[in-house]
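Welcome, and thanks for taking a look at this model. Below is a short tour of the backbone, the surface and the interface.

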Amino acid sequence: MSRAKTRLLMLAGGIVFLATLLGFRLFELQVVQADGLRLERTRNLHGVEWLHAARGKILDARGRVLAEDESKFLLSFVYRDFRRAHAMGLVLHADRFLRDLSEVEVGLAAPRGLLRGAPLRYVDAAARFEAAALGALALPMSLLHRRGPLPKRLRSVLRFYVFKILSGATTVARAAIDLGRHFDEKYLEPGPEPIGQLLAAHFYPRADRAAQSLREEVLDWLRAQQADLNEIASLLSPRLSLPGSTVRVARGYISERGSLLEWLDACDRLHARRAERKYERYREHSSDVGPSFWARVADALFPSDAAPTDRAPSLTRRLANALAAGSSKGKDATAFELRMAMRFRSESGPVLVQKPVDFADVVALVLGKRERFPGFEVEEELQRRFPVRDLGGRPYRILGLTQRRELAEDDEARPSIVLGDELDLDVDGTKRLHLADDEREVWKVQIRERLLREYRVREGRNNLELKLDAVLTGRAGWRALLRDRSGRERYSPSHVAAHRGKDVRVTIDTEVQDLLLAALRRAGEDMIAERELAPEDLRASFTVIDAVDGDILGMSWIPETYRNDVLELDIPDRKNPNCEHRWEPPPGSILKPIFAVEGQLTGDVDSGEYEVCRGHFGSGWNRVSCDCRGRWKPQTLEDAVKNSCNSYFGQLGRRLTVVGLQRALQRFGLLSGTENRIHVPGLRIDLPGHVPDERRSLLARSIGYGWRTPPILIARAYAALGTGALPPLRLVDAVDGRVLVREKSTPLDVGDALRRVRIGMVAVPRDGTARRAGLQGDRIAAKTGTAEVSGNKNNAWFAGYLPWDRPRLAFCVTFWKCPEGVHGGDYPADAVRYFLRSLDAKPALRARLFRGAR
Amino acid sequence: MRLEVESRVARYAGVFAGFPFGLWILALVVSGIGVLFIHSATLASEEFHGQSVKQSVAILACATGAIPLAMFSRAWLLRHAFVLFSLAVLALLLLPWFGVTINGARRWYAFGSATIQPTEFAKPLLVLVLARWLRLRSRGGFGEAVFVPILITMLPLCLTLRQPDLGSALSMLPILFAMSWVAGARPLHLVSIAVIGVLGLIAVLPLLQGYQLERIAIWLGQNDLSSAESRGAGYQLVQSLIAIGSGGWAGDGLFEGLQNRYDFLPYRSTDFVFAVIAEETGFRGSLLFVALYSGFSLVILAYAYRIRDRFGRLLAAGVAAYFATHLFIHVGVCTGLLPPTGLPLPLMSYGRSSVAGAWIALALVAHACMRRPRELSEDAVL
């Protein structure tokens, strides 16, 4: 065998050796590391898209939609996209680039900006932009040439700006793009000609008018883009936040308002500052004059700090770091370029501009986005909408708000996510994705983890939205996705549909609600005027229920808003004092009819003589004073109720004892044995489970001190006084159109005991403590209550029912912490009068409310 | 009459005497596999859809056109070898002025929508000119057998490096070494040249472009890349490894590779076509493919083994080295054995210049195999 043949055989052996080497490497990758690499592929491909579940609607008693979900859109802005595509951004940044360039040493005789004077800003006059655009056309072509003075990266940036500005001219757009792409091939030598002239001469037929035609076209484009900017400004809300001009106050931000152009300038400044900070940080941690390439490699191979550590990097890693350091500190990576790169990176992040944006505006934005509104991005989101507003133009406060919450892993509300074997089936269940079993399992685990990690719900924060959360909240769905490299969805192997929340109809009638608020406002204004109070001192609540069914027809309260001095905003007041304890609670004389009923049942009313009222009763700390109209005369129970005689009820209380008083309250649902709250669907009503204030004497308790009870329960107790049965309170009428079963009222079983109390209560507005309220013409039975609270203030109550002979409505009005001298027969009774008068003006509503009444 | 027909048949048969039909068929089979996977790689891409058809047309045209090339007389080939090589070098030389820049590299001449990559033609012509030089220097000293061939190779190599195209440039060195080896260069010379070459490569590391250093760094640290590196400079390597590894034992199935279909694999019809094959056919398929392609090179070596004349043997050996080198670099890059550098796999990757270059190389083999007793003397003269 010749030597050549032997060598050929050896060469063949070499080829076989290399093929074997490749085979081993393939074995390592495709068999040994296959699972790990499949996992990586899964990470590449899979994605999860949330399908938001709409929250249920809240409707009022007449089916008017008070709150519902609707698709809204969030508008965000990517400054970099804007300035790279919009004429103003291009011109401004070309000018900025040249000015910045003039401050660094690149051996360049370039113009210092595109125009004289101060650097260009978005708020500048259009004429300045036009001058700058013409300046861009006048730049010498040598500046863009590869044999010109600029390093490659800087040249490419300037080229980008100039050719983008040139390509704005419609006629030469294509030619300009082509010129930009093949500039180096077309022009082998740099020359002094202006770049605009170069292009114009190639394209326009009349050489003498070429430059002028190009100028006109570029300017037309600039003006059109300015007009587009004005158009988008008109689409944006006037509450546009300005990130560059925000004033930080405590924990909140206050956004100043400004024009879109000011805002763009602010964005520009913001990114400039960020880039500068990043650059400074970089400078602190690195040096332009680092060790040489070989020094770094030597250091990697023979590290001087040879202290052994548990996780010392491998030799290849150290070498890699050394080489990477060499590549990032390349010879042409100047400080200027670094600054530029950091600026570009800073600009790439989106900034939330506005939410929500209306659909019509979104259509305009999306359709015109690319060409006319670059940089603006729109994202869809479900938001709560309140079609019906209260008298103040705000959503009804009984509705409350919603908030987004991320569910923790151990949260009970977290859904159980079960992924079946269908994950890799096609929609029609036939085509498999060729996922190996282990890969499918990996995918499932990952999707589940991701779902759990990102599971968020929109839940109620207060009032109805909070209390009815379980019903209103839907169940979010999701889709497992396969995405391609650019993030586009290519395939969805599995999905779980979203289920919207249920609609809830409440018993509240918004018309009643408005009347209640109007009445409260009016009575409150009277009090403010007559007592010379500050408006913020007014606190009042008014609730009306159906006396027979217990349906809550309306609940209103003042203040409507409270002032947040930090944020300098008026925020709607949502804590409902009709149900929740909010201010000092004693109901005072409003409880007397209840004790009167109990006194009759025990026989204490009729057993033995009652002392005449002398203006006080008892002695020492166990003493009550009285200024009723029945002083120095013997009084019947009816008189005592009518006049609200403390002396009489002090004596009654002494006979009933605390146990009797408690029993009376329990009978009327005003005191619970154990629980602190009454749970009515949609409401949380505070209720004391025990006698809260042991310091109060028996006599004080006899006249309504030492107890705490919310107005809505007083209204219900008065409904019971009128009807003889304690109605179940009801706020939710129907869920998803299905009317909830009504609970039956609980009969009081008090025999004839109510009759005398009712007589007294009917007399209250006619001749009793509320005689000055002007309610004599209304068939109303009521009782006033005035309880002293701290600071020489009174809680003034007025509760009752009407019509007195066949009750349909029960109510309770409370003016909290009124000035001394105000009592229940004053402004609270006035509020009822205002309500009834306004009801008179609405016969249809009146007929609806008083259906069945004589 | 009968005698006349028989003599005509014998004359035509004589024209194709020794023509390696088996090699042609094998090359067409390999090309067919390439077209199949190019089709798979471009199936979901609107931009590149149709590459498989273009590639098929190019293969058929080149396979047919290579036959007359193989028929050229030995004397003509020997006489014009340096001229042809000089033309290729000139084409490389003029690239900076007349070439077009694509993806930051200036490797192509544009003719309308078509582009031509002169490097692909320079490689088979390098084989030709090296065979031409080495055919009479079986016992030459270091200067004639090693140093001059190195100088010849350095011409296209340096011009290719300047484009820059590191992969193609590096693929020329094994061709040089294989041909010098077969030509009879002393092992000591070759080893010392190899050592000097490696040291030289290390020495020029700091002169490499930033992105090239970055790629080497990524390659060195491929086992613990950060997510930023995986998304940035290491993207090609990482995605290729994922595609190959995901193929597992059996693969995803033809046209079903997810990395491929969902666009994660870069340059999948050219520089990473092997990753598509590995993902869709798994370990079995990719090993079979490596065996097939290596076998293809070995078949060419077998032809070289049978060729009696020195020039033909060197041609065949050089072409075998050309295919084997491309296989090793291409698969090595895809599998992370070598630093990422774009190199198409002849007959497999999309690229009409690459196809043409490969078939020119095969034409050289066919030329070497064909029997030309009269021309052998001519060979001795030139």
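Helices (H or I, at least four residues) and strands (E, at least two) are DSSP runs, numbered from the N terminus. With that in hand, please keep in mind that this is a predicted model.

**Cis peptide bonds in chain A**

- A:Ile558 and A:Pro559 are joined by a cis peptide bond, with omega at about 10°.
- If you are looking for A:Pro559, go to the loop that runs between strand S14 (552-558) and strand S15 (561-564) of chain A.
- A cis peptide bond also links A:Leu802 to A:Pro803, where omega is about -10°.
- A:Pro803 sits in the loop between strand S26 (793-802) and strand S27 (809-819) of chain A.

**Positive phi away from glycine**

- A:Asp749 is not a glycine, yet its phi is positive, at about 55°.
- This residue, A:Asp749, belongs to the loop between strand S24 (746-747) and helix H25 (753-767) of chain A.
- Is A:Asp749 buried or exposed? Its relative accessibility is 67%, and exposed means over 50%, so A:Asp749 counts as exposed.
- In chain B, B:Leu347 has a positive phi of about 75°, although it is not a glycine either.
- B:Leu347 is placed in the loop between helix H14 (310-335) and helix H15 (352-369) of chain B.
- B:Leu347 has a relative accessible area of 0%, and the limit for buried is under 20%, so B:Leu347 is buried.

**Chain B as a whole**

- Chain B contains 16 helices and 3 strands.
- Chain B has 382 residues, and 57% of them count as buried.
- Taking contacts in chain B between residues at least 6 apart in sequence, 73% join residues at least 24 apart.
- Chain B has an accessible surface of about 15,400 Å², and carbon and sulfur atoms account for 68% of it.

**A nonpolar patch on chain B**

- Which residues form a nonpolar patch on the surface? They are B:Val83, B:Leu87, B:Leu90, B:Leu93, B:Leu94, B:Trp97 and B:Phe98, and together they have about 650 Å² of accessible area.
- One of these residues, B:Trp97, lies in helix H4 (residues 74-98) of chain B.
- B:Trp97 counts as partly exposed, because its relative accessibility is 42% and that class falls between the 20% and 50% cut-offs.

**Helix H7 of chain B**

- Helix H7 (residues 166-183) of chain B has 18 residues, which at 1.5 Å a residue should span 26 Å. The C-alpha atoms at its ends are 26 Å apart, so the helix agrees with that expectation.
- Since 13 of the 18 residues of H7(B) are buried, this helix is largely enclosed by the rest of the structure.

**Where chains A and B meet**

- On the chain A side, 53 residues are in contact with 74 residues of chain B.
- About 5,500 Å² is buried between chain A and chain B, with 67% coming from carbon and sulfur atoms.
- Within chain A, the residues that lose the most area to chain B are A:Arg7, A:Gln30 and A:Arg485, which together give 13% of what that side buries.
- How many salt bridges are counted between chain A and chain B? The count is 2.
- A:Arg41 and B:Glu279 meet through their side chains in a salt bridge, at 2.7 Å from N to O.

Notes: Residues are numbered from 1 along each chain as its sequence is written. Chains are lettered from A and ligands numbered from 1 in the order in which they are written. This is a predicted model: local features need pLDDT of at least 70, side-chain atom pairs count only at pLDDT 80 or more; totals for chains, interfaces and linings use all residues. Side-chain values use heavy atoms; hydrogens and water are left out. Buried means under 20% relative accessible area, exposed over 50%, partly exposed in between (1.4 Å probe, protein chains only). Patches are made of residues with over 30% relative accessible area and no salt bridge: like charges are joined within 9 Å, nonpolar side chains (Val, Leu, Ile, Met, Phe, Trp, Tyr) within 5 Å. Accessible areas come from the Shrake-Rupley method with a 1.4 Å probe; for residues, only the protein chains shown count as cover. A salt bridge is a side-chain nitrogen of Lys or Arg within 4 Å of a carboxyl oxygen of Asp or Glu. Contact means heavy atoms within 4.5 Å. The expected span of a helix is 1.5 Å times one less than its number of residues. Buried area is the accessible area (1.4 Å probe) that two parts lose on being put together, summed over both.
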